[in-house]
Amino acid sequence: MTMQYKNYDVSHNPGGDEPLLTIRNLRTSFFTGAGEIAAVRGVSLTVRRGECLGVVGESGSGKSVTFLSALRLLAPAGRVMGGEIRFQGRDLLNMRLKEMREVRGARIAMIFQDPLSSLNPLIPIGKQVDEMLWAHEKNLTARQRKDKTLELLTKAHIPEAERRYGSYPHEFSGGMRQRVMIAMALACKPDLLVADEPTTALDVSIQNQILRLIKSLQSEMGMGVAFITHDLGVIAQMCTRVSVLYGGLVMEDAAADDLFDRPLHPYTEGLLTSMPSLMQDRSIRLSPIPGSPPDMSAPPSGCPFAPRCAHARNICVSQMPPTYTYADGRQSRCWLHSHDAPAFDNPYRDIRGTAVPDEEAL
Amino acid sequence: MRGYVLRRLAMMLVTLLMITALTFLLMHVVPGGPFTREKQIPAEVLAALERKYNLDDPLWKQYADYLGGLLRFDLGPSFKYTGKSVNDFLTAGFPYSAKLGMYTLVFVLLASIPMGIVAALRSGRWADMVLMAAATLGVTIPSFVIATFLLYLFAFRLGWAPTFGVDKWQGYILPIITLGGYSISFLARLMRSSLLEVMGQDYIRTARSKGISEVRVIVRHALRNALIPVVTVLGPTVANLLTGSFVIEKIFAIPGIGNHFVNSVTQRDYTTIMGMTVFYAAFLISMVFVVDLFYCLIDPRIQFDT
């Protein structure tokens, strides 16, 4: 059952088109005893002002590494091998470290997956939020910083902020810790919030609270959000646009509604059919994607998804597919969109050949 | 907090009791006694001597008597040096051992922690390699070899320091280096690995993501966390340094208590063996206790009454 492919214009995206963060052809590798691991192999994506971009993919697909590269927070073994990252027009990869520090926290803030390990166990949480203000708002006095910290904690729905100011991370529940992280990240009103699986370590009811908190603070402050997750349900709730990553590459890029309506990449489709749904007839079994992600120390030369793809042909294994861009801005990195792709067993036979392939050399 | 301290003190007494019982028993199991000589002493003289020191009593009574003395802080008379008590040895020797130990401790801390920090922050580069190679040498080379080498170079060849004695301050230099060598190497390695581990933690990434300087990341976010394992081994280290070393006190002719530790065993000087062991054990246990109290200052996650 193929749904009719709807045509959206780009202006459908709320929040306008002004790019906040533009990543072009980013390549990042880790150098370990076992050799080079190519974690990111040419990722291009854009986060626009006021929008929430969902970055989805399995673990090891390169989604976190992409944004850690942007903030230059990679572990010592990691190195950016190529590409360009621009934030509000400024080149993040080549700016001086001092300028980078003025961007970190103040313009781009980040929250992480595990709030317990991400907070310093020996410093009271109030002080940890306070430090963000200390670092970037030098004109505030200690008293003003404390007042503002209390205000931020309250805003992040931490009850009795005054009393909790001096508490340590281990004295909080997981959800409360993540609220502390959020208060800290939003202290300096950043233009971009990178949320790296912020709800993965939390249970479902808390997860929902945290998501709503992020969403309401986003619309209140008008910042862009890059939401990294492997959970398509979270994407559906939070995001206006989605980039699907696999094997260190962007497989598909689309408005969230369009993506759920009709995925234009077999991998995305696999993700959607392996997602459980309450509405779904229970007699229909979930179909997980067979196989496992590629070994990035020896990445395949062709499409990284080819070994697990039901539609794979010879060319998929031997040659890297280009990224096909449709008139409405949707992108998919799959040979099935080529004008000479066969109609037989091709889920995109109705639209194939209408998209423009890029001419990148990989 | 008070309940915890009292509980710990009670536990310490039990530990100490077990140590004395074990030492007492083992000491008497070893063949020979304090009055065993190469030349046989007449049986009547031996019996008289044993009666004088109550060695003819049953073992349990001897032990009970000893514990009784211990309660009055009386460690008994030396069996080898007539007219001297074990308390005399301690009051005469401990100040020397402790003074040398304190100086060494300060030196060890000032040297090892910065070494470990530098090695960790420069891990894999030449500074790290040089420091860790030196630390490996410090751990593996026995102190008497280091002492001999230092004496040859600085005392004999260069004449910068005296060969023995601590009546001038220069006399402390070589003993401090020799005594501290092992601890410096050990603590520097520990500090390095601990800091390296901490620097890879998520909260360090968080700290960096705040846009604060790397110096602040290290000083405010990494060091305190990295010091926790170092503080743990500091208890035994302090006890070891302050209670003297046989080898070093022998080589540099320092009249500390380290000498008595070894001599008393070879001479079967029962009371001195016991006294030295009890003293060292009590000191060690107290230091471990002090370290545990320090934990709560460093790490808020450690609670006492749980």
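This is a predicted model: local features need pLDDT of at least 70, side-chain atom pairs count only at pLDDT 80 or more; totals for chains, interfaces and linings use all residues.

Biologist: Where in chain A is the pLDDT below 50?

Modeller: Over residues 1-15 of chain A. That stretch still has 29 contacts in the model beyond near neighbours in sequence.

Biologist: OK, on to the sheet. What is the strand order in chain A?

Modeller: The order is 6-7-8-3-9-10-12-11-13, nine strands in an open sheet with mixed pairing.

Biologist: Which strands are at the edges?

Modeller: Strand 6 (108-111) and strand 13 (356-357) of chain A. Each of these pairs on one side only.

Biologist: And strands 11 and 12 of chain A, parallel or antiparallel?

Modeller: Antiparallel, over two bridges. Strand 11 of chain A covers residues 324-325 and strand 12 of chain A covers residues 331-332. As for individual residues, T325(A) has Q331(A) in strand 12 of chain A as its bridge partner.

Biologist: What holds paired strands together in general?

Modeller: Strands of a sheet pair through backbone hydrogen bonds.

Biologist: Switching topic. How many residues are in contact between chain A and chain B?

Modeller: 22 residues of chain A are in contact with 18 residues of chain B.

Biologist: Which elements of chain A give two or more residues to that side?

Modeller: Helix 2 (97-103), helix 3 (115-118) and helix 4 (125-136) of chain A. Helix 4 of chain A gives the largest share, four residues.

Biologist: How do the residues on the chain A side divide by type?

Modeller: Into 11 nonpolar, six polar and five charged.

Biologist: Now the backbone. What about phi of H157(A)?

Modeller: Phi of H157(A) is near 65 degrees, which is positive in a residue other than glycine. H157(A) sits in the loop between helix 5 (142-155) and helix 6 (161-164) of chain A.

Biologist: Why does H157(A) count as partly exposed?

Modeller: Because H157(A) has 17 C-beta neighbours inside 10 Å. A residue is buried at 20 or more and exposed at 12 or fewer, so that count falls in between.

Biologist: And D345(A), where is that one?

Modeller: D345(A) is in the loop between strand 12 and strand 13 of chain A. D345(A) has a positive phi too, about 55 degrees, and is not a glycine.

Biologist: Is D345(A) buried or exposed?

Modeller: Exposed, because D345(A) has 10 C-beta neighbours inside 10 Å.

Notes:
Residues are numbered from 1 along each chain as its sequence is written. Chains are lettered from A and ligands numbered from 1 in the order in which they are written. Two strands pair if DSSP finds at least two bridges between them. Two residues are in contact if their C-beta atoms, placed from the backbone, lie within 7 Å. Ala, Val, Leu, Ile, Met, Phe, Trp, Tyr, Cys and Pro count as nonpolar, Asp, Glu, Lys and Arg as charged, and the others, Gly among them, as polar. pLDDT is the predictor's confidence in each residue, from 0 to 100.
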